[in-house]
Amino acid sequence: MTATLQRPQPGRFAPRRPVLSRSAPNRPLLGSLGIIGLLALWEIAPRLGAVPERYFPPVSEVLTTLAQRATTAPFWEAIGHTLYGWALGLAIALAAAILIGFALGATPRLRAFTTSTVDFLRPIPSVALIPLAVLMYGTDIRSTLLLVVYACFWLIYIQVLYGVADVDPVAEQTARSYGLGRLARIRYVVWPTTLPYLMTGLRLAAAVGLILSITAQLIIGSPGIGAQITNAQQGGAVALVYAWIVATGILGVVINIGVRALERRVLRWHTSVRGEVAV
């Protein structure tokens with residue numbers, strides 16, 4: 001009588017092999033290397049004659065001009081005007097989007113009644129409102145606010161509608177069965193569900209709001225970075241034009257970092273943020 005040797009089944013008798021986890025890439029390091037490579041290319045290209053130095057000065061000249069301007073009061077006044085228009089417009093759009101979004105999103109009939117109006121108004125670009133803004137407010141800060149509020153409102157409002165529509169019906173009915181009123185249900189059921197959508201809309205609107213704020217200053221002439229770029233261009237100060245553009249990019253990076261930090265803090269209880277921190 002011969003014994004039959006059976007091959008062990010994988011995962012049943014054979015020992016499991018350890019899973020080797022690859023280390024995640026160092027994103028700050030890679031981002032820094034990308035910036036260094038871009039600056040090096042910017043420095044080399046005009047000096048080698050690849051692009052006319054008259055219209056594209058080396059980065060060293062641009063950064064020197066930026067450093068000199070940063071020591072003057074008009075530089076920071078322009079930054080302040082731009083940030084003021086951006087922050088105020090974003091705050092107005094945020095408040096309006098939350099109030100209107102919760103009011104319409106919680107009432108299906110009102111949402112259906114306003115869908116066609118939203119679909120008509122939302123695709124209109126904010127820059128198309130520049131003639132109307134100039135006609136109504138001239139070069140006042142209100143012209144910039146009109147464009148910023150209009151652009152940021154739709155980005156946040158649509159996200160709020162998605163968040164309100166994503167509320168679990170079971171959780172809603174459970175809250176009703178426990179006797180929670182309308183405000184209590186909004187606070188404990190609707191608001192936690194909508195908050196991640198709201199922060200996504202806020203992050204998108206922050207970048208778009210800065211773009212519209214500077215665009216309004218460029219075209220309308222209201223005080224700020226855009227007006228300074230126009231003045232430098234009309235005066236033939238090419239390096240100064242690029243210096244203001246670099247300052248705009250730095251300002252955008254700072255705003256994005258700040259909004260990201262706010263999002264992580266507000267949504268620290270959410271699984272997406274906890275998973276991001278764990279990685």
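This is a predicted model: local features need pLDDT of at least 70, side-chain atom pairs count only at pLDDT 80 or more; totals for chains, interfaces and linings use all residues.
1. On the annotation. The unreviewed UniProt entry marks residues 83-108, 120-139, 145-165, 186-219 and 239-259 as "transmembrane region".

2. On α3 and α6. Two packed helices are described by the angle between their axes and the distance between the axes. Helix α3 covers residues 73-105, and helix α6 covers residues 141-165. They pack at an angle of about 35°, and their axes are 7 Å apart. The crossing of α3 past α6 is right-handed. Their contact holds 23 nonpolar residues and four polar ones. No charged residue takes part.

3. On valine 149. This residue sits in helix α6. Which residues does valine 149 touch, leaving aside those up to four places away in sequence? They are Gly89, Ile92 and Ala93. Leucine 90 is 59 residues from valine 149 in sequence. In space, the C-alpha atoms of valine 149 and leucine 90 are 6.2 Å apart.

4. On the two ends of α7. Helix α7 spans residues 169-177. At its start, a side-chain oxygen of aspartate 168 comes to within 3.2 Å of the backbone nitrogen of valine 170. Glycine 179 follows α7. The phi of glycine 179 is positive, near 85°.

5. On α9 and α10. Helix α9 (residues 225-234) packs against helix α10 (residues 238-266) at an angle of about 160°. The axes are 8 Å apart. Angles over 145 degrees count as roughly antiparallel, so α9 and α10 are roughly antiparallel to each other. α9 passes α10 in a left-handed crossing.

6. On the residues between α9 and α10. From α9, the contact uses Ile225, Gln228, Ile229, Ala232 and Gln233. From α10 come Leu240, Val241, Trp244, Ile245, Thr248 and Leu251. By class, the α9 and α10 contact has eight nonpolar residues, three polar and no charged. An α-helix has 3.6 residues a turn, so residues three or four places apart point the same way.

Note on methods: Residues are numbered from 1 along each chain as its sequence is written. Side-chain values use heavy atoms; hydrogens and water are left out. UniProt positions are given in the numbering used here, feature names are shortened, and annotations may be inferred rather than shown by experiment. A polar contact is a pair of N or O atoms within 3.5 Å; within protein, one must be able to donate a hydrogen and the other to accept it, and residues adjacent in sequence count only if both atoms are side-chain atoms. Helices (H or I, at least four residues) and strands (E, at least two) are DSSP runs, numbered from the N terminus. Axes are lines fitted to C-alpha atoms, for helices over the stretch in contact, and angles run from 0 to 180 degrees between N-to-C directions. Angles under 35 degrees count as roughly parallel, over 145 as roughly antiparallel, 65 to 115 as roughly perpendicular and the rest as oblique. A crossing is left-handed if the near helix is turned anticlockwise from the far one by less than a right angle, and right-handed if clockwise. Contact means heavy atoms within 4.5 Å. Ala, Val, Leu, Ile, Met, Phe, Trp, Tyr, Cys and Pro count as nonpolar, Asp, Glu, Lys and Arg as charged, and the others, Gly among them, as polar.
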